[in-house]
Amino acid sequence: MQARFVFHLLLIGAFAAPAALFPSHLIAQSAERAAQLLGELDVPEADTPVREHPGWRPPVRVLVGGGGATPERLAELQAVAPGVEIVPIRPGQAAQEAVATADALIGTCHPALLEAGTSLRWVQAFGAGVEDCLASPFIRERGILLTNVQRVLAPAMAEHVMALALSLARQLPAYRDHQRDGLWRRAGGPEVTLQGRTMLVVGLGGVGTEVAERAHAFGMTVTAIRNSDRPGPPTVSRVGQSAALHDFLREADVVVNTLPLTDETRHMFDARAFAAMKPGAWFINVGRGATVVTADLTQALEAGHVGAAALDVTDPEPLPSDHPLWRMPNVIITPHVAPNSEVNIDSRWALFRENLRRYVAGEPMLSVVDTSRGY
Ligand code: OXD
């Protein structure tokens, strides 16, 4: 555990460094690391083989989109699906025609493709959040199997959460401002430690669990809210369901939102939720912007009741350049980059490949979305 943690910290440093300092051999090794990571990630596997899913049949034609569809990756997909026609979506191509006869769609969930894809039986989303796929009625109406990449993105997102929490604790934004002006000067506020504080993770799924593991390793007490009565991992000392959110908020020094966007989670963080937070506590959001009422968060920060916020997601996105959140000294904003890492693109494609192999063979699929819950 200790060694693994040192590795995570090294990566945080590497991302902060200018591109020239980022060793290219690390990028070259990423494909190998991705395959290894997929093995380590504990990606959830469906209980039943996909051949028992209504409508499954061996696929004939699979349409492939999404970032990073290089000839090598397409060849790897072909290798696990011999005899299947793998059709890449090319920019400017009328993909609606091509999707009409496709059995599966990998790497994109574009509403126009879902509408035209009347033969689709399986869609592999490019990302973790699938609210856009489910906003179009076709997945649910046609009983299409939907898979995502939630676990694959979790380590990068959890590192991003810790980077944001550490930046707030150690006042790094203020020191970066001083550095720009060549000033050897204390930031003003007290530097604090994460150790000994309580972190509440709201949304104890793949990402939340990875956040909890890291926060626990930093000596934090971790509590969590999840949408089921399943017990949490040993790194989490207390787990409640959403009805207990406000009670849990009262106890936390750092609140981390890793929620997906569903009808239940939309605007879950409103004025009442922020009022329930401990005075001065911090709010970190890497889930979805619309789980928060932005005006209520802004007001809670202006009033000083919420002590600081670090937001990778906002509502709306992009956040308009004249929005007051941009100018608050106690707010860090990153532009929806928490899931990004040089290894994630490879691990995404490793998952696509493995799921295609399983789909063709009729085996249990990985990372299946419960379309009734929306995640
Ligand atoms: C996602 C994302 O994949 O936020 O859901 O990028």
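Which residue with a positive phi follows helix 11? Gly219 follows helix 11, and its phi is near 85°. The legends below rest on a predicted model, in which local features need pLDDT of at least 70, side-chain atom pairs count only at pLDDT 80 or more, and totals for chains, interfaces and linings use all residues. Residues are numbered from 1 along each chain as its sequence is written, and side-chain values use heavy atoms, with hydrogens and water left out.

**View A. Residues around the ligand.** Polar contacts are pairs of N or O atoms within 3.5 Å. A side-chain N or O atom of His336 lies 2.6 Å from a ligand oxygen atom, a backbone N or O atom of Ala128 lies 2.7 Å from a ligand oxygen atom, and a polar side-chain atom of Arg288 lies 2.8 Å from a ligand oxygen atom. Of the 210 Å² of accessible area that the ligand has on its own, the protein covers 82% (Shrake-Rupley method, 1.4 Å probe).

**View B. The salt bridge between Arg288 and Glu131.** The side chains of Arg288 and Glu131 form a salt bridge with an N to O distance of 2.6 Å (a side-chain nitrogen of Lys or Arg within 4 Å of a carboxyl oxygen of Asp or Glu). Arg288 is in the loop between strand 10 (281–285) and helix 14 (294–302) and Glu131 is in helix 7 (residues 131–135), so the pair ties together parts 157 residues apart in sequence. Helices (H or I, at least four residues) and strands (E, at least two) are DSSP runs, numbered from the N terminus. Arg288 counts as buried, at 17% relative accessibility; buried means under 20% relative accessible area, exposed over 50%, and partly exposed in between (1.4 Å probe, protein chains only).

**View C. Helix 11 and its link to helix 9.** Arg151 and Glu210 form a salt bridge, with their closest N and O atoms 2.6 Å apart. Arg151 lies in helix 9 (residues 150–169) and Glu210 in helix 11 (residues 206–217), so this pair ties together parts that are 59 residues apart in sequence. Both Arg151 and Glu210 are buried. Nine of the 12 residues of helix 11 are buried, so the helix is largely enclosed by the rest of the structure.

**View D. A salt-bridge network.** Salt bridges link Glu45, Glu354, Arg357, Arg358 and Glu363 in a network. Between Arg357 and Glu363 the closest N and O atoms are 3.0 Å apart. Arg357 is partly exposed at 29% relative accessibility, and Glu363 is partly exposed at 27%.

**View E. Two cis peptide bonds.** Asp315 and Pro316 are joined by a cis peptide bond with omega about 5°. The bond from Glu317 to Pro318 is also cis, with omega near -10°.

View F. Most residues other than glycine have a negative phi. Gln171, in the loop between helix 9 and helix 10 (172–180), has a phi near 55° and is buried, at 14% relative accessible area. Ser367, in the segment after helix 15 (344–361), has a phi of about 55° and is buried, at 4%.

Methods
A polar contact is a pair of N or O atoms within 3.5 Å; within protein, one must be able to donate a hydrogen and the other to accept it, and residues adjacent in sequence count only if both atoms are side-chain atoms.
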